Amino acid sequence: MTNEINGFHLYQAFLAGYFEMKKNREEMNRINVFPVRDGDTGSNMVGTMKNVAAGLKSCRSAGKLLERMAELSLEGARGNSGMILTQYLNGMARHGRGKSTLSLCELADIINLSVEDAYKAVDMPREGTILSVMTAWAEKFHSLCAMHRSPQSLMEVSLERAREALEHTPEQLDILKDNRVVDAGALGFVSFLEGVDKLGDTGLVDGSMRKKILADSDRSTLSYGLEEGHGGSGKFTYRYCTEVLLEKSEADRDELRALLSPLGDSLIVAEGSEKFRIHIHTDEPDRVVDTLRRLGRVIQQKADDMKRQEQVVSARAGKIAVLTDSIADIPRELMDRYQIHSLSLSLIWDDEEYLDRLTIRPGTFYAMQEERSSFPASSLPSASRVENYFAFLLEHYEGVIVLSVSRELSGTWKQMSLAAEKFNRQEKRIAVVDTRLNSVAQGLLVERVARASVQGAGLEELILLAESLRKRIKIFVSVKTFRYMVKGGRVTPLKGAAAKLLNLKPIITLDEEGKGKAFDKSFSSGGLMKKVTALVRDIQEGKGIEEYAVVHASDRERGETFSRLVREVIGKEPSYISEISPIVGMHSGKGAVAIGIVEREE
């Protein structure tokens, strides 16, 4: 460290800090109990900083480098501590703007002011977290600078103060004391400072080291935990860790906080020069996104299921994870009971993007469908999102079985398969099964396989079960109108016009390859239900029905009526009645009803 800091020095310091933080990723995940024990603080902090490391290029100007660091961190921020780090970096960029070099005392001033910015970003800041350690380090750094200490001595002594503050965090937060650990985010920050300190006066991060930083390196741990093994409280108020990158509008941070505070907790609003990054724990990610969409353009969004993450970390029900996609129609209650994981597809509409079932719910979707003349499109989960989910599951399970929507209906199976290949090169731990099904039929298959996983079945057993079971599952969909099939290109306008003229109501099913096809038709909704009921009777009198379920497109009354008709025929209650996902509902339209049937084994 020199007395005059330029962009080159800051670049080297950042990479060295990131590299050291990355070594502690697993330890941070292990001791993560606050604000919820979801085991991802290390991954989130490293992921946030990796986005910066991957896009950052060295330059001479300190101010310009800080601005680029801030921008990249805002785009890639993840989790509570990652968000706080992001606001800290954005504070440094704001206070260092226009400065080509910084004296040590100027740097100390910027560090202090940026800690204040980090506090302001958090709706209800708590001591005993990364904020406390930031404060302790910044104050010591500033006081040493005023005493004209040498640069190396300044860093060594202020780092020691940060370590002391880290060890003190269990005395400030009861949940840390109860679990006999230090704060995970604070550990990450201290790790970063340790990396900077290791550079010394003349140390450099060379090109080969930078390549190592950007690649997946071996994960080692350096424990600051007070004792091995701990169990989190397992309690949290809200389910979804929701994050949104919002293009700046006329709204300010206080206005955003006032609008979002009633929707959840753990609210952090990080502010950059052109964008806001919002983090909140909520049960209504759709309301969060809708609120923000009215204030500006939503650039990115995510909603992670913290309940499922907590189950994975501390209460796994089986040794094999069961993963599906949001097209599988299955109630949340059953997904929780059997710990079913799901990746949401995206729905894109008029340059707006939504996460299926998460940031857009069926009721909202069908209202929009009635109002808009345009037709939405669906998009697959990104390759990186799939790979990150696989990596997370494989850290905790022996293997993963993926039960995707029919490959004939979506590219999801292909996307999952390509990602799985990267993890299966040495040992097959991920199996991607083409269910050749969708909607409620896919949901029934997923639920049965998950049930077997909870009962202790291994990966190969689950693969055989899925492949055998899918041959016995049928789906029949009663659609009230051809309108949306025409708009989506599934039916030609000529056929749609003819169907409308004749008031035809189709019954849709899937063939053996998983392709959609018209099975039958009727001239009224009542007649349509009678025809489907007759199909059910034929199956019951033939092979017999082992299980069935009914789903509907935002029409619970019609779904229950249909279920009652089927129950009268076979004398059995449905396994569940649930809603069709918005992406499935794109083509079916409001009022569609579907039945999934599991035939008895011969």
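Close-up 1. Strand S10 (residues 352-355) runs antiparallel to S9, and 4 bridges join the two. (Strands, of at least two residues in DSSP state E, and helices, of at least four in H or I, are DSSP runs numbered from the N terminus; two strands pair if DSSP finds at least two bridges between them.) Across this pairing, Trp-349 stands opposite Glu-352 in S10. The hairpin of S9 and S10 has 2 residues between the strands, and Asp-350 takes a positive phi near 50° there. Strand S9 (residues 346-349) is also joined by 3 bridges to strand S11 (residues 377-379), again in the antiparallel sense. Here Ser-346 stands opposite Ser-379 in S11.

A word on the model: it is predicted, so to speak of local features needs pLDDT of at least 70, and side-chain atom pairs count only at pLDDT 80 or more, while totals for chains, interfaces and linings use all residues. Residues are numbered from 1 along each chain as its sequence is written, and side-chain values use heavy atoms, with hydrogens and water left out.

**Close-up 2. Strand S14 and its partner S19.** Of the 6 residues of strand S14 (residues 473-478), 5 are buried, so the strand is largely enclosed by the rest of the structure. (Buried means under 20% relative accessible area, exposed over 50%, and partly exposed in between, with a 1.4 Å probe and protein chains only.) S14 pairs with strand S19 (residues 593-599) over 6 bridges, in the antiparallel sense. Look for Phe-476, which stands opposite Ile-595 in S19.

**Close-up 3. The largest nonpolar core.** Among its 77 residues, Phe-14, Tyr-88, Met-134, Trp-137 and Phe-189 touch the most other members. (A nonpolar core is a set of buried Ala, Val, Leu, Ile, Met, Phe, Trp, Tyr and Cys residues joined through side-chain atoms within 4.5 Å.) Helix H7 (residues 130-146) gives the most to this core, with 10 residues. Beyond its neighbours within four places in sequence, Met-134 is in contact with Ile-84, Leu-85, Tyr-88, Val-115, Ala-118 and Phe-189. (Contact means heavy atoms within 4.5 Å.) Another core lies apart from this one; its 54 residues include Leu-347, Ile-401, Leu-445 and Leu-510.

**Close-up 4. Helices H1 and H10.** Helix H1 (residues 7-23) packs against helix H10 (residues 184-199) at an angle of about 130°, with the axes 7 Å apart. (Axes are lines fitted to C-alpha atoms, for helices over the stretch in contact, and angles run from 0 to 180 degrees between N-to-C directions.) This makes H1 oblique to H10, because angles under 35 degrees count as roughly parallel, over 145 as roughly antiparallel, 65 to 115 as roughly perpendicular and the rest as oblique. Among the residues that meet are Phe-14 and Tyr-18 in H1, and Phe-192 and Leu-199 in H10.
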